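Subject: Structure for you to look at

Hello,

Here is the structure I promised to pass on. Please open it and keep it beside you as you read.

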Amino acid sequence: MTAPADRTRSSEELIRAEEPVLAQNYHPLPVVVARAEGAWVEDVEGRRYLDMLAGYSALNFGHRHPALIEAAHRQLDRLTLTSRAFHNDRLASFAERLAALTGQDMVLPMNTGAEAVESGIKVARKWAYEVKGVPDGRATIVVAADNFHGRTTTIVGFSTDETARSGFGPFTPGFRVVPYNDLAALRAAVDDTTAAVLIEPIQGEAGVVVPDDGYLTGVRELTHRANCLFVADEIQSGLGRTGRTLAVEHESVVPDLVLLGKALGGGIVPVSAVVGRREVLGVLRPGEHGSTFGGNPLAAAVGTAVVELLRTGEFQRRATELGSVLREGLTALLGKGVVGFRARGLWAGVDVDPALGTGREVSERLMREGILVKDTHGSTIRLAPPLTVTEDELRQALGTLEKVLAA
Ligand SMILES: Cc1ncc(COP(=O)(O)O)c(C=O)c1O
């Protein structure tokens, strides 16, 4: 690690200083990170922690991956922002490479995940009116219960999590919620007004909920038959996390629109995108949608470097191989404090015996032992280390989990 940490205030002082001046919309673990490299972060006092969350998959390539930092530095020295009022010399190659990586035709660049989701919703509605012929104002989008797609008012409007929704209405109409992993319910909800089915191929925030084999294929067949779009939110599941570039590839499914974010920004800048077929993304015309920062040269340079890393297949391979280690390690903990888990690639939702504490309490105990994870609901914790983590580091984290659960 290079630059020294700012040690003018202790971790405790910094946490206390946030309270009166920072909106309290988060409840972070009491660790103040000052520096990071690879799978490791260091706090203000110089204590080191193994990062087993990786920014909810935004840090798939670890902290400060040299190729990504170099791409960012090079771009910072040349050109950072143009807005889309002008072209910039980095955007074409970013779009070409991202489309090729995902097997799609076109790219709509945005910044955050929620913006990609909002953009996908707008595109799907426009497609429904212009191509499918849904009467104006009647388009519906079918989503899954326990979804997590972001925090805008439209998106929380179709969340089933009361904490996310309550107090933020009125909400955008036009969404139907069905149980996840239930093709019959989906079939019943789809009709002539349906613009799209929008789902996560694996539900991350719900606790890494992996649907049954055949579900994604079923969604694809059903949406084809119903002449509506399949929009896959791969913001957390995509870009190597599950052992494939996209999680839908586990069933060889090609959605009409794929939403990407998080890791696309290499852990450096927010970069998101909607990628999709020309017949669908082609419905947008000048002035109908946009973002000042979407597709900016710095984002495009970093995004291009991310695509280059993924093109080698190395990270997808690592996620598969280390995923087996993770799965074996968690299987060994069944009955030793772990009551169940779901995993795919280097990503797991681990249900801890509630008698041993909440997910939050287990996360705090792990933190004190130098391992950073995040709880989801109840007694579930989520493991999503950088795909650069070594086998030894992964085993160290599993060993610490065993120790914490035994204590
Ligand atoms: C599947 C999914 N979609 C969308 C989002 C929202 O992304 P952002 O926080 O960048 O808006 C998230 C964030 O966790 C996510 O997991």
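A quick definition first: a crossing of two helices is left-handed if the near helix is turned anticlockwise from the far one by less than a right angle, and right-handed if clockwise. You will need that below. Keep in mind too that this is a predicted model.

**Domains**

The chain is divided into two parts: domain 1 covers 11-64 + 314-406, and domain 2 covers 66-311. Their C-alpha centres lie 26 Å apart. Where they touch, 28 residues of domain 1 are in contact with 23 residues of domain 2. On the domain 1 side, several elements each supply at least two residues, among them helix 2 (54-57), strand 11 (338-343) and strand 15 (380-383). Which element gives the largest share of that side? Helix 12 does, with five residues. By class, this side of domain 1 has 12 nonpolar, 12 polar and four charged residues.

**Helix 4 and helix 11**

Two packed helices are described by the angle between their axes and the distance between the axes. Take helix 4 (residues 91-102) and helix 11 (residues 297-311). They pack at an angle of about 30°, with their axes 9 Å apart. Angles under 35 degrees count as roughly parallel, so helix 4 and helix 11 are roughly parallel to each other. Their crossing is left-handed. Helix 4 brings residues including Phe-94, Leu-98 and Leu-101 to the contact, and helix 11 brings residues including Ala-300, Val-307 and Leu-310. The contact divides into seven nonpolar, three polar and two charged residues.

**Helix 14 and its partners**

Helix 14 (residues 391-406) packs with helix 12 at an angle of about 15°, with the axes 10 Å apart. That makes helix 12 roughly parallel to helix 14. This crossing is right-handed. From helix 12, the contact uses Leu-322, Val-325, Leu-326, Gly-329 and Leu-333. From helix 14, the residues include Leu-394, Leu-398, Leu-401 and Leu-405. By class, the contact has eight nonpolar, one polar and three charged residues.

Now turn to helix 13 (residues 359-368). Its axis and that of helix 14 come within 10 Å and cross at roughly 120°. Helix 13 and helix 14 are therefore oblique to each other. Is their crossing left-handed or right-handed? It is right-handed. Val-362, Arg-365 and Leu-366 in helix 13 meet Thr-400, Leu-401 and Val-404 in helix 14. That contact has four nonpolar, one polar and one charged residues. Look at Leu-401 of helix 14: it takes part in the contact with helix 12 and in the contact with helix 13.

**Around the ligand**

There are 15 residues around the ligand. Which of them come nearest? They are Gly-113, Ala-114, Gly-150, Ile-235 and Gln-236. Helix 5 (residues 113-132) gives the most to this shell, with three residues. By class, the shell has five nonpolar, seven polar and three charged residues.

**Two backbone details**

A cis peptide bond joins Gly-169 and Pro-170, with omega about 0°. Find Pro-170 in the loop between helix 7 (162-165) and strand 6 (175-178). Then go to Arg-64. Arg-64 has a positive phi of about 55°, although it is not a glycine. Its place is in the loop between helix 2 and helix 3 (66-76).

Best wishes

Key. Residues numbered from 1 in each chain as written. Predicted model: local features only at pLDDT ≥ 70, side-chain atom pairs only at ≥ 80, totals over all residues. Near = placed C-beta within 6 Å. Helix = DSSP H or I, 4+ residues; strand = E, 2+ residues; numbered from the N terminus. Nonpolar A, V, L, I, M, F, W, Y, C, P; charged D, E, K, R; others polar. Axes fitted to C-alpha atoms, helices over the stretch in contact; angles between N-to-C directions. Parallel < 35°, antiparallel > 145°, perpendicular 65-115°, else oblique. Contact = placed C-beta atoms within 7 Å. Domains from an automatic or database assignment.
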